[in-house]
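Have the coordinates open as you read along.

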Amino acid sequence: MRVLVTGGAGFIGSHVAESLLRRGDSVSIIDNFNTFYDPKLKQKNIDEMRKVGDVRLIRGDLMDEGMRQSALQDCDAVIHLAAWAGVRPSIEMPVLYVEQNLLMPTLLVESMRKAGIRKLVWASSSSVYGENSNPPFAEDANILAPVSPYAATKIGGEALAAAFAHLYELDITALRFFTVYGPRQRPEMAIHKFARLMMQNRAIPRFGDGSTSRDYTYIDDIVGGVVAALDHLGGYQVYNLGESDRITLSELIELIGEALGVQPQIDALPVQPGDVSHTNADISRAKKHLNYDPQVPIAEGIRRFAAWFKTRPELWQEI
Ligand SMILES: NC(=O)c1ccc[n+]([C@@H]2O[C@H](COP(=O)([O-])OP(=O)(O)OC[C@H]3O[C@@H](n4cnc5c(N)ncnc54)[C@H](O)[C@@H]3O)[C@@H](O)[C@H]2O)c1
């Protein structure tokens, strides 16, 4: 298959692209190397990907029509991962998030229709569940109580995807990722940031009393789910992709400390607005329809992350 991965220089996109290359798909990437975090890390992801196979890289902004047309040339399906991720910055910059996470995919689908491309996998997020649902979250839960602009853009994105699939008979699957981690994880995300602070012998800012909990999903398991979704497209579908387990923030910090051989110091701070208390995925739908079968429990995943992190001393500095 000829697949365009948007945001393919980023954390999840670069792993997805590598996995597609390994199985023999032809892969194009569009990424504007934005400054949400250091673009040099994205370039490094591309350099590593090029050791796996040939990839067509379009360095450009998906908001630009010419760039979209060029990226969509000779392509059968799109995996749309380009976005502004991160909950907390969305509170400071809601307009940017609406532009990048709602307008951009709308423009992308319009360009896909014009180019006759009908297959799309679209990144949503566990944050759509807000504080409204009881864990484990199932896909048919009420998702109309978001607690951040980021979550609201992901809910809006899903609604747009459903409308486009209905109107134009497109095959679109929205995937609700539950906090993804592993090598190349974004540097502002909890596990990566905590590891960096521990290597600097600095305290971890722990928001709340440490009892909030998350379902953390190892990158290889997410990639397995994304590729399975690509292979099972049909009409409009929504799936949770998580590990279906959860640990508290305090337990997570302990695990990272053990894996790095560092005794964590804690700076206890008030709960942050926009953060949800708990996430936990009900993955029965993805298991049934995608044969999704996550393999890496958190303790093993943290060991793998720490092993990778120790090989990248440039990441231990403030970036
Ligand atoms: N990482 C997680 O835990 C997680 C959880 C839930 C959902 N998601 C979603 O998964 C997707 C990928 O997340 P990630 O963690 O890999 O983030 P990332 O920031 O590492 O990757 C996104 C990439 O998109 C690119 N990009 C952004 N705007 C663009 C534009 N206008 N034109 C071209 N490229 C653009 C960025 O440069 C970046 O390389 C996002 O949609 C995110 O919201 C991620």
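## The nonpolar cores

Which residues have the most contacts inside the largest nonpolar core? In this predicted model, they are Ile12, Leu20, Ile79, Phe177, Leu252, Ile256 and Ile302, in a core of 77 residues. Helix H8, spanning residues 219-231, supplies the largest share of that core, with 8 residues. There is also a second, separate core, made up of 21 residues, with Leu72, Met104, Met112 and Ala161 among them.

Leaving aside residues up to four places away in sequence, Phe177 touches Ile12, Leu81, Ala123, Ser124, Ser125, Ser126, Ile222, Val226 and Leu241. One of these partners, Ile12, is itself listed with Phe177 among the residues with the most contacts inside the largest core.

## Helices H1 and H2

How do you describe two packed helices? The description uses the angle between their axes and the distance between the axes. For helix H1 (residues 11-22) and helix H2 (residues 39-50), the angle is about 10 degrees and the axes are 10 Å apart. Angles under 35 degrees count as roughly parallel, and H1 and H2 are therefore roughly parallel to each other.

On the H1 side, the contact is made by Phe11, Ser14, Ala17, Glu18 and Leu21. H2 contributes Asn45, Glu48 and Met49.

## Aromatic pairs

How many aromatic pairs does a search of the whole structure find? The total is 13. Take Phe36 and Tyr37: their ring centres are 6.4 Å apart and their planes meet at 65 degrees, so this pair is edge-to-face. Are these two residues buried or exposed? Phe36 has a relative accessible area of 19% and Tyr37 one of 10%; buried means under 20%, so Phe36 is buried and Tyr37 is buried.

Tyr97 and Tyr150 form another edge-to-face pair, at 6.3 Å centre to centre with 85 degrees between the planes. Tyr97 sits in helix H5 (residues 94-115) and Tyr150 in helix H6 (residues 149-168), so the pair ties together parts that are 53 residues apart in sequence. Tyr97 and Tyr150 are also buried.

To see these two pairs in one view, select Phe36, Tyr37, Trp84, Tyr97 and Tyr150, which form one aromatic cluster.

Definitions and conventions. Residues numbered from 1 in each chain as written. Predicted model: local features only at pLDDT ≥ 70, side-chain atom pairs only at ≥ 80, totals over all residues. Heavy atoms only, no water. Core = buried A, V, L, I, M, F, W, Y, C linked by side-chain atoms within 4.5 Å. Buried < 20%, exposed > 50% of the residue type's maximum accessible area, 1.4 Å probe, protein only. Helix = DSSP H or I, 4+ residues; strand = E, 2+ residues; numbered from the N terminus. Contact = heavy atoms within 4.5 Å. Axes fitted to C-alpha atoms, helices over the stretch in contact; angles between N-to-C directions. Parallel < 35°, antiparallel > 145°, perpendicular 65-115°, else oblique. Phe/Tyr/Trp six-rings, centres within 6.5 Å; stacked < 30°, edge-to-face > 60°.
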